[in-house]
Amino acid sequence: MKTNQPPFDFEKMVRHSLDIMGSLDRNGYILFVSDACQTVLGYERNELIGAHYSRFLHPEDRVATSQALREVCARGRKTDFENRYLHSNGQPVLMRWSGVWSEDEETLYCVGRDITEQKAREQRYQALFDNSPDLVFVESPEGLVMEVNQVFQKTFHLGEEQVTGAPASAFLSSEAAAVNALYFEQALRGNATRFELTLAMEGETRIYDTQKYPVLVNNQVVCVQTVAKDLTPVIHSYETIRQQAKKLHNIFESITDAFLTLDKNWNFAYINSEAERLFSLNRQYHIGKNAWEEFPAEMQGEFFQHYQHAAQTGKSVHFEAYYAGTDRWVEVKAFPSEEGLSIYFDDVTEKVKARKELEKLSLVASKTTNGVIITDRERRIEWVNEGFTRLTGYGLEEALGKKPSELLHNPNTDTRAFESVRDRMDSGEPVSFEILNSRKNGEDIWLSVQVNPIHDEKGQLSRFITIQSDITERVKAQQELGKLALVASKSKNSVIIMDRDRQVEWVNEAFTILTGYTLPEVAGKAPYSLLAGEETDKATVRQIIEAGEQGLPIEGELLVYKKSGEKRWFRIEATPAFDEGGNLFRFIGVQTDITESVKAKQELEMLSLVASKTNNSVLIAGSDWRITWVNEGFTRLTGYSLEEASGKMPSELLHDHRTDPTTYAALEGKLLDGEPITFEVLNVKKNGEAVWINVDITAIFNEAGQLTRFIEVQTDISALKNSELELTQSAKDLYRHNKDLEQFTYIVSHNLRAPVASALGLANLLARMDKGSAVYDSALANLKESVSRLDTVMKDLNKILSIRDSKAALELDQVDVPLVIQQVASSLQELLEKCGGEIITDIAEGCSVLANRAYVYSVFYNLLSNAIKYRSPERALSVRIRCFCNNTKGVLISFADNGSGFDTEAAGTNLFRLYKRFHSDREGRGMGLYLVKTHLEAMGGHVEVSSEVGVGTRFLIYLPHQQHEHIPH
């Protein structure tokens, strides 16, 4: 009979799943995502769908995730991988994904789970395991050691690799191994056991309180963990106490605490009044009665065992025990004698309760080497352990009454980590965070901090227990790792990480670019098995392999083959990496493509043969550019012999103020990277004659990649260059004349035509009018105004022509820029004071430029007068003038105001053109900016402008220097 089961609702499962379910297309764009994305990542579904997955991915995981997705698509079967996403609040979320690619639908289906807390628990467990003060080791079901902690290694003076995979008998004596095996078998049956283990360590017998715990997975014991605490100091302490108790026997007999005696038959012989009260006894009834018959529940109990031991051994006992009859904890001291036992009792009920609380705290402090702090509810320190003192340098006396944040304050601390958890801590929640603090000696220390609240019997927050772990090295390692990862990922050189057997573990993108091989293709293989070919030098390969086998640094130059079969020369360097025990565990390799350098070296060998025979000038210089050899062609070209040139730099012989140093400087980087460079430069012969030469320079490097010399070939191109310069100058002159003609055409067609036409019309009209009429006077005044406008236009033409005609013979002097600005400001001082304006200058004293003084004055006068004229009505005028001097290039001057500004896009090509104005509400002719530009260009400079309406305007003025400093070329 079939039962009717409800249909499976897949959509409901996806909607309510705590895991993220989704799909991606081949390019990584999100097609679907379940509602769980909001709880896990803090994003709504519509924020994710349609976006690329990498937008929400942690930047450091993008490369690995991209690789994982390619593997999923390539395999076509389920694949698991982990990565980190960024929550909407910026916090990283560690995710574990399972994905499968559907080729038919071209869709990647995946399910992701937040494993952040799981990873944190695993890390915390590993930290507790590694840093436990007790001896800890883990055995497999076969009895072989799987893992040991640091205390184990120090105790037995054995490294983890020495005991891993070995039985316990490898480090335990035969007796101890037998005991361990007995309790190991019990643990394999699923039972936790506890026993004492005696070890002989360096001539001393030590006793360990040992516990074995079975670790169960799916009800199967997968391993057994053993924790052994050294009890030897405690046992010694108890022995000392017993000896002291015997010496003080007579003193203890006289105390007035609860006291009773038992005879050898366990009958009550004496009971004092305090004992009656404490245990609800009646002396008249109980004296003479057998203790265990009156209190059968205590038979074989703790009191009985201790008393029996004292009676049998003749030694006093001292212990604490709970007496259920009166709900009391008592401290018991029992002293045996020939008559029986004398027993003293002290009511320690309240002390035991307090001590049990303290024992919980002490257990935390004694079990860890970390810093432990107990603070009151105001977070003022009440107690610290020795671990705190070791971490910070502060003792208990120094820390009492202070807050940890005050005591350990570091000025570079980002307090946001603490501020983010302060409210939760004040509300009584446990919190954890990482923070940068300072030791007593001022050193930085990174701490992982866990704060646990303690509540009193009423549930009120009473104090905090803080545990601090030193994570300085981990943080530094993370920072260094981040830097190394960034360097490796961005490096143009190939970077390879190999295991101790020189099998590839990881390569960067540059390796793939240089060789054509991807990480999946080379992983687990030796690089040389892929890159070596027929012409690869087998002896060099053998030397590299032998050096690696000996754990030595590897270096050499080798002809290799790319995946495509192309031959390239690589410089190979590999550095061995050792662990803390000095054991080789990997190699870090760097490969540099030196193909061009090798080719250049080969070409140089051929070039040296040609150099002595060529008609061109050839010189060889050292890495410091000091000449070591020149050929006869150099002497013919420059006039300098080998004797005269030796030891000097080419710039010392061949450069003067006409040489442009920027030509070589712009190419120097390429030359030092091993690339030959070519450029043209104006040099000077020995006789002072200028000569244009074409320069070809090749840098030569030795086998270690160090620069050793330069080879320079010079060709005289003076005739060709002079023709080019003359042609260029002619073109510039023609262009300038055309621009002038355009301006003259504009003036004639617009500015001259209107006043001339007006004057002619008024003249004809006046001839027919009555001279005594008012209309005649008005027409005559208009005629006068038209002639005046005509005169203004003619003056403007005369000024433009004078600037153009003076360009060829312009007198240039060293002009003191600050002095000219001061003179312009003085001439406009009255207008500045009327508008309440100010001028702010930032110009170094002595800043000067080779220019025409009158033109420089005109430039600043026009700019400042325009700033005053077109100032903003909403604020007082402020003009800022700054000067940037460069000895090589020239002077750059910034002239900025906070005036009304103008729309530069609307002005377009009309900027700096004659009679073009951009403020219709102010008077003006449109000459100022035209003169600024014309004057600057006449001096070899130029001007740029940026402006914003309502904000202000800034002009950048450039004036070149005429002299340059010497550099090699």
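**Entry 1: Asp347 and Arg328**

I looked up Asp347 and found that it forms a salt bridge with Arg328, with the closest N and O atoms 2.7 Å apart. By salt bridge I mean a side-chain nitrogen of Lys or Arg within 4 Å of a carboxyl oxygen of Asp or Glu. Asp347 lies in strand 15 (residues 340-347) and Arg328 in strand 14 (residues 328-337), so the pair ties together parts that are 19 residues apart in sequence. Helices (H or I, at least four residues) and strands (E, at least two) are DSSP runs, numbered from the N terminus. Asp347 counts as partly exposed at 28% relative accessibility, and Arg328 is partly exposed at 29%. Here buried means under 20% relative accessible area, exposed over 50%, and partly exposed in between (1.4 Å probe, protein chains only).

I note that this is a predicted model, in which local features need pLDDT of at least 70, side-chain atom pairs count only at pLDDT 80 or more, and totals for chains, interfaces and linings use all residues. Residues are numbered from 1 along each chain as its sequence is written, and side-chain values use heavy atoms, with hydrogens and water left out.

**Entry 2: Other salt bridges**

I recorded 38 salt bridges in the structure. One of them joins the side chains of Arg571 and Glu555 at 3.5 Å, N to O. Arg571 lies in strand 24 (residues 567-578) and Glu555 in strand 23 (residues 554-561), so this pair ties together parts 16 residues apart in sequence. Arg571 is buried, at 12%, whereas Glu555 is exposed, at 55%.

I then looked up Arg882, which forms a salt bridge with Asp842, the closest N and O atoms being 3.6 Å apart. Arg882 is in strand 34 (residues 878-886) and Asp842 in strand 32 (residues 838-842), 40 residues apart. I also found Lys562, Glu566, Arg568 and Asp593 linked in a network of salt bridges.

**Entry 3: Aromatic rings**

I recorded 28 aromatic pairs. Rings of Phe, Tyr and Trp (its six-membered ring) pair if their centres lie within 6.5 Å; planes under 30 degrees apart count as stacked, over 60 as edge-to-face and the rest as tilted. Phe279 and Tyr323 form an edge-to-face pair, 5.3 Å centre to centre with 75° between the planes. Phe279 lies in helix 11 (residues 273-279) and Tyr323 in strand 13 (residues 317-323), so the pair ties together parts that are 44 residues apart in sequence. Phe279 is buried at 8% relative accessibility, and Tyr323 is buried at 10%. Ring pairs link a cluster that includes Trp266, Phe279, Trp292 and Tyr323.
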